[in-house]
Amino acid sequence: MDVQAFKVFKVEVEKQCGKQMKIVRTDRGDKYYDRYTEDGQAHGPFAKFLQENGIVAQYTMPGSPDQNGVAERRN
């Protein structure tokens with residue numbers, strides 16, 4: 001999911017539920033994970049969006065679907 005698609009998803013969910021999104025859990029995929037450069041940590045576009053909107057990013061270990069139980073059970 002790219003950042004633009006997530007923005008649309010976020011708006012839909014918040015309108016339907018009447019609540020603010022507070023936490024997003026990801027598996028450290030390339031779009032989500034911050035990168036380290038010579039200058040330090042560089043946030044990816046998704047991480048920047050979360051930070052700008054006050055959403056906490058929770059990262060699970062890659063390849064461990066058991067840590068993301070609810071989403072994996074629905075898949």
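Colleague: Which residues are buried in helix α2?

Modeller: In this predicted model, Phe 46, Ala 47, Phe 49 and Leu 50 of α2 (residues 45-52) are buried. Buried means under 20% relative accessible area, exposed over 50%, and partly exposed in between, with a 1.4 Å probe and protein chains only. Helices are DSSP runs of H or I with at least four residues, strands are runs of E with at least two, and both are numbered from the N terminus.

Colleague: Why do they line one face of the helix?

Modeller: Seen down the axis of α2, the buried residues fall within an arc of 160 degrees, so they line one face. The arc is taken from the directions from the helix axis to the C-beta atoms.

Colleague: What is exposed on the other side of α2?

Modeller: Pro 45, Gln 51 and Glu 52 are exposed there.

Colleague: And what do the buried residues of α2 pack against?

Modeller: They pack against α1 (3-17), β1 (23-26) and β4 (56-59), a contact being heavy atoms within 4.5 Å.

Colleague: Which residue just after α2 takes a positive phi?

Modeller: Gly 54, with a phi of about 70 degrees.

Colleague: Change of topic. How do the elements run from the N terminus on?

Modeller: The order is α-β-β-β-α-β-α, with three helices and four strands.

Colleague: What percentage of the residues count as buried?

Modeller: 27% of the 75 residues.

Key. Residues numbered from 1 in each chain as written. Predicted model: local features only at pLDDT ≥ 70, side-chain atom pairs only at ≥ 80, totals over all residues. Heavy atoms only, no water.
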